[in-house]
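Here's a quick briefing to read alongside the structure. Have it open and follow the residue numbers as you go.

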Amino acid sequence: HRTPSQRGCSLSALFPVQSQLDCALDDAATQQEKENIVNEYLERLGEKEDLKIPDFQTGLEWLNTRGPLSLNNELSGKVVLLDFFTYCCINCIHILPALHQLEKRHTVKDGLVIVGVHSAKFPNEKVLANIRSAVLRYDICHPVVNDSEAHLWHELEVSCWPTLVLLGPCGNLLFSLVGEGHRDRLMLFADCALRHYGKQGLLKSHDVGIKLYKDSLPPNILAFPGKVAIDNGSKRLAIADTGHHRILVVSLNGQLLHVIGGPESGRKDGDVTEASFSSPQGVAIKGDVVYVADTENHLIRKIELLEGKVTTVAGVGAQGTDREGGAMGTTQPISSPWDVTLGTAGSVEDNVLWIAMAGTHQIWALFLADGKLPKVSESKAGVCVRWAGSGSEENRNNSYPHKAGFAQPSGLALAPEEPWSCLFVADSESSTIRTLALKDGAVKSLIGGERDPMNLFAFGDVDGKGVDAKLQHPLGVAWAPEQSLLYVADSYNHKIKVVQPKSKLCNTLAGTGEVGDTLGPELIKTSFNEPGGICVGDGGKLLYVADTNNHQIKVLDLVSKTVSRLPIITECTDSAPIRSVPSTKAPKFPKSAAKKEMAPVSVAAGQTVVMSLTLSLPEGAKLTEEAPSCWTLSAEGTEWLLDHQVTTGDITDLSKPLVVSAKLPPEFKESPSDPKLTLAVWIYYCLETGSACTMKAASFSQPLNITACLGEVEEVTVALAHAF
């Protein structure tokens, strides 16, 4: 706990001043005008003494440094950019290129330090080993702190991912940027701040002890393979070797046949010996052609193995914001394509490449030959167009594909035969598997999530039917037509699951649910580490799994029930099993939370105090049922009043009052001084009008007047109410 003198201010103190700055910058015409406005703003801000933020908590885990960093020590004399992120979030991934650009523009010696403050959404993201893998996967070269319980997030009253906060050399708030798409303003703010404090002589050029984790690792054949695809005709696998920015084509026994791209990132077309990619994910292989979702280049690429060349077939090489499409592929901007699969739209077989467009939360179509989407006019070869998804980040099912909503779709599997005739979609941020009908584009739920389209927190690890089954950030799906079974890479649960589409029954097939790298002896005792891709081979008898954070491809033999590693990765260093760190029951209490002091109530020894709390949410909001909304009851200074009683619980229904009871001891060993009970609540809810979920908290202090006797009354009820 921090004393009042250790606490700092939050973003709410900055918003009134910065809002005036933002308006002025919106009206400014030239770069010089903008710089003048920011410089004047910094001069005015210098007169404010109350904008210093609290330091990082002690005891937190740090990456890419020799040790913990402090705003009062190592970071003193530096302009510091805090990046509040969570590694699953596509918007957080989208701003990384801007951070890389800023790091090249201004070094630590120049006075700028970027610190990633990892504030997890999913429980799996609180584990240091998983954050370490993400830091390597996304080539993050600045310090990262694992703020697993979001202490600084709550201190600063951060509300969504990503949020950037720029600090002056004394740990004082300067600017805040929320969401993606602010590259120019970020550069402007950083440039001006460094100039401003440099002229004042307040910047220091010292080293802060950065030590990149990636520099300590031995080389691997694979690095974070994202996806794996099979061509049963040519009996070959295509592997997206994502961390090495390349595509491997291997035989089914692991013999390396082709290497295209890598080891550095780039976006070059041409001969396969010179072509380059940037963190490719999805792959689709048929014959001698491989299609690639070149994710961080925002491109779709085509590899022709016989001709030995690579071409771009969709995208312009920069992140797009268009949610409609319809232009020819190489002139159509797209955003973070995550998976691809070949299919048919019209009369020509394999005339379309379906694309899971994670960046705009949609499913797109790239026409490889003339074709036609359901209920849409014909499209010419080369056209790249949105098929399903409004672009809002939602778990919304609808019979009209443009009205449906996805949340970072990351995996596709085609089931063209009747009665299925659909695309299966691994919708990662809603933790669901959805179906997209090939005949009419209707989007339906298969398993996971819940019926509220705004609830993106309905995750878990539960076998069952339909919405009763729970997943955690699934990234891959694969269809076995011979058995009519769907296989799911349930990535953050470190499991492979199997779904019967007809009954919607989902069961665990392989995986312990813990991070690890063991091979059985049974499927259920095999362990994975965030498997991201999966494909079916040998008529449904084999599964090939991209075990992403273990840097390998695992092969599951469904007949013999055994698991092996594909031998191209026998030189890989295997990770030791790591157990998750359990989170605390209740998150940190935000400074912005409402605190209500109630009128004293008279009670006697042995009585039960019943606190009945009615909570109401804003209009159009709904409790996110699977998020950890909870309550705690405390008696600070007189904890013995609550000995052996339940003092925490979940909140799952606001349609009726929350009732919490505390039975007072039959006799008081001592006369308590100023006794009181405090009921605190943490509520997660989503607004229908937006895609973000919010956490709010409130506390209610109930002073107790201890009296000798209150007659025959066994309970004293206190009615409380609060509107968020």
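This is a predicted model: local features need pLDDT of at least 70, side-chain atom pairs count only at pLDDT 80 or more; totals for chains, interfaces and linings use all residues.

Residues are numbered from 1 along each chain as its sequence is written, and side-chain values use heavy atoms, with hydrogens and water left out.

**Strand β13 and its partners**

- Strands here are DSSP runs of E with at least two residues, and helices are runs of H or I with at least four, numbered from the N terminus.
- β12 (residues 283-286) pairs with β13 in the antiparallel sense over four bridges; to pair, two strands need at least two DSSP bridges between them.
- Two residues sit between the strands in the β12 and β13 hairpin, and G287 takes a positive phi near 65 degrees there.
- On to β14 (residues 299-304): β13 pairs with this strand over six bridges, again antiparallel, and V289 stands opposite E304.
- The hairpin of β13 and β14 has four residues between its strands, with H298 in the turn at a positive phi of about 55 degrees.
- How many of the six residues of β13 (289-294) are buried? Five are, so the strand is mostly covered (buried means under 20% relative accessible area, exposed over 50%, partly exposed in between, with a 1.4 Å probe and protein chains only).

**Two buried loop residues**

- S430 lies in the loop between β24 (422-427) and β25 (432-437), and it counts as buried because its relative accessibility is 0%.
- Leaving aside neighbours within four places in sequence, S430 is in contact (heavy atoms within 4.5 Å) with N395, A407, G449, L456 and A458.
- P143, in the loop between α5 (128-137) and β4 (144-146), also has 0% relative accessibility, so P143 counts as buried.
- Not counting residues up to four places away in sequence, P143 touches several residues, including W62, L69, I114 and I210.
- R185 is 42 residues from P143 along the chain, and their C-alpha atoms are separated by 22 Å.

**Inside the largest cavity**

- By class, its lining has nine nonpolar, nine polar and three charged residues.
- Nonpolar covers Ala, Val, Leu, Ile, Met, Phe, Trp, Tyr, Cys and Pro; charged covers Asp, Glu, Lys and Arg; the others, Gly among them, are polar.
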